[in-house]
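The sequence and structure come first.

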Amino acid sequence: MNDKHDRIRAVVWTGGGIRLLDQRRLPQEETYWTATCAFEIAEAITKMVVRGAPAIGIAAAYGVVLAARAHFAEANFRWKAQIKADLQVLEAARPTAVNLAWALQRMGSLINALPSDVNPETALLAEAQRIHEEDIAANRRMGELGAAFIDGPAKVLTHCNTGSLATGGFGTALGVIRYAYSEGRINKVFADETRPWLQGARLTAWELLQDKIPVVLIADSVAPYLLGQGQIQWVIIGADRIAANGDIANKIGSYGLAVAARYHGVRFMVVAPTSTIDWSLPDGMEIPIEQRPPEEVLTLAGKDIAMSGTKAYNPAFDVTPAHLIDVVVTEKGVVRQPNSERMKVLQV
């Protein structure tokens, strides 16, 4: 496919730091953060300036570069001991997305292999850039593999944001949508608004319109009704963590979509790189679910939408069991009707 449906990059290395498209401001404003140290990147991750499991991992990898630069300048050969605190701060920024820990482990392995008395910045930057480039290549491969399942022209439904804004570029679930749209396999995308952060309304709709892909925004509660009307052929979502048996954690609301899709006979696709798979967890019951501040539910655009004193329960993710998933698409291949045995083909 050509690049006219792939023009957005949310994370960019500038030399002095990383430039992050502030996703809290979209679609009203296109403003940028430039983070120049690991703590600023951790803050950007925690505050949702940058979000999406792959993008968080990429940002954190660049954060390691900035930390190494600072500590080598300050402490020279003692930089390895001092950088440990930065790695811990970055990893704690968000607990559910496994790509964050994966990227930091990869950077940490390289740190262990580097000599203490040589400036580590060049080697670490090359590794962070490889992580970034590999993510874009993986997304394009997943786009091709996932699109092959869609008999067009089809209408699809997606949840949250899984595009260039959430990754190094091109996207996971939106990567499949981009690829399939370019081939004429998709003619319309329905996007859930995705309360409480409204990633579908603010980000996915914005991103698809930037690339001139037809999108219709719906309230989250409309999705089961729409599925029941026979208007949707596929639900296509991403994942923040996948257990060894194929259970997946994704943005809250994904589980309900999967239940409704199965009830109405609509096929359900999960698209995520293999770095999202946590082989140490046998099933989704072991996936830690991030609890976000109640204010995200109790307010909208800084204004109260509930009576003072109202309590709120605000999990950021839910877990969809593997038996509700028709296919898991990764850059290493696809798994139909995932379970513990079938998922093993992705360990190669």
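## Helix 3 against helix 4

The model is predicted. In it, Trp79, Lys80, Ile83, Leu87, Leu90 and Glu91 of helix 3 meet Leu100, Ala101, Leu104, Ile111 and Asn112 of helix 4. By class, this contact has eight nonpolar, one polar and two charged residues.

## Nonpolar cores

The largest nonpolar core has 40 residues. Ile18 and Val64 touch the most other members. Elements giving two or more residues to this core are strand 1 (11–13), strand 2 (18–21), helix 1 (38–46), helix 2 (53–75), helix 3, helix 4 and helix 5 (121–147). Helix 2 gives the most, with 13 residues.

Beyond its neighbours within four places in sequence, Val64 contacts Ile83, Leu87, Leu90, Leu104, Met107, Ile111 and Leu124. Another core, of 27 residues, lies apart from the largest one. Its members include Leu226, Ile232, Ile248 and Ala272.

## Thr194 in its loop

Thr194 sits in the loop between strand 5 (186–192) and helix 7 (199–210). Is Thr194 buried or exposed? Its relative accessibility is 0%, so Thr194 counts as buried.

A polar atom of the Thr194 side chain lies 3.1 Å from the backbone oxygen of Asp192. Leaving aside neighbours within four places in sequence, Thr194 contacts His159, Cys160, Gln199, Gly200, Asp220 and Lys251.

Methods:
Residues are numbered from 1 along each chain as its sequence is written. This is a predicted model: local features need pLDDT of at least 70, side-chain atom pairs count only at pLDDT 80 or more; totals for chains, interfaces and linings use all residues. Side-chain values use heavy atoms; hydrogens and water are left out. Contact means heavy atoms within 4.5 Å. Helices (H or I, at least four residues) and strands (E, at least two) are DSSP runs, numbered from the N terminus. Ala, Val, Leu, Ile, Met, Phe, Trp, Tyr, Cys and Pro count as nonpolar, Asp, Glu, Lys and Arg as charged, and the others, Gly among them, as polar. Buried means under 20% relative accessible area, exposed over 50%, partly exposed in between (1.4 Å probe, protein chains only). A polar contact is a pair of N or O atoms within 3.5 Å; within protein, one must be able to donate a hydrogen and the other to accept it, and residues adjacent in sequence count only if both atoms are side-chain atoms. A nonpolar core is a set of buried Ala, Val, Leu, Ile, Met, Phe, Trp, Tyr and Cys residues joined through side-chain atoms within 4.5 Å.
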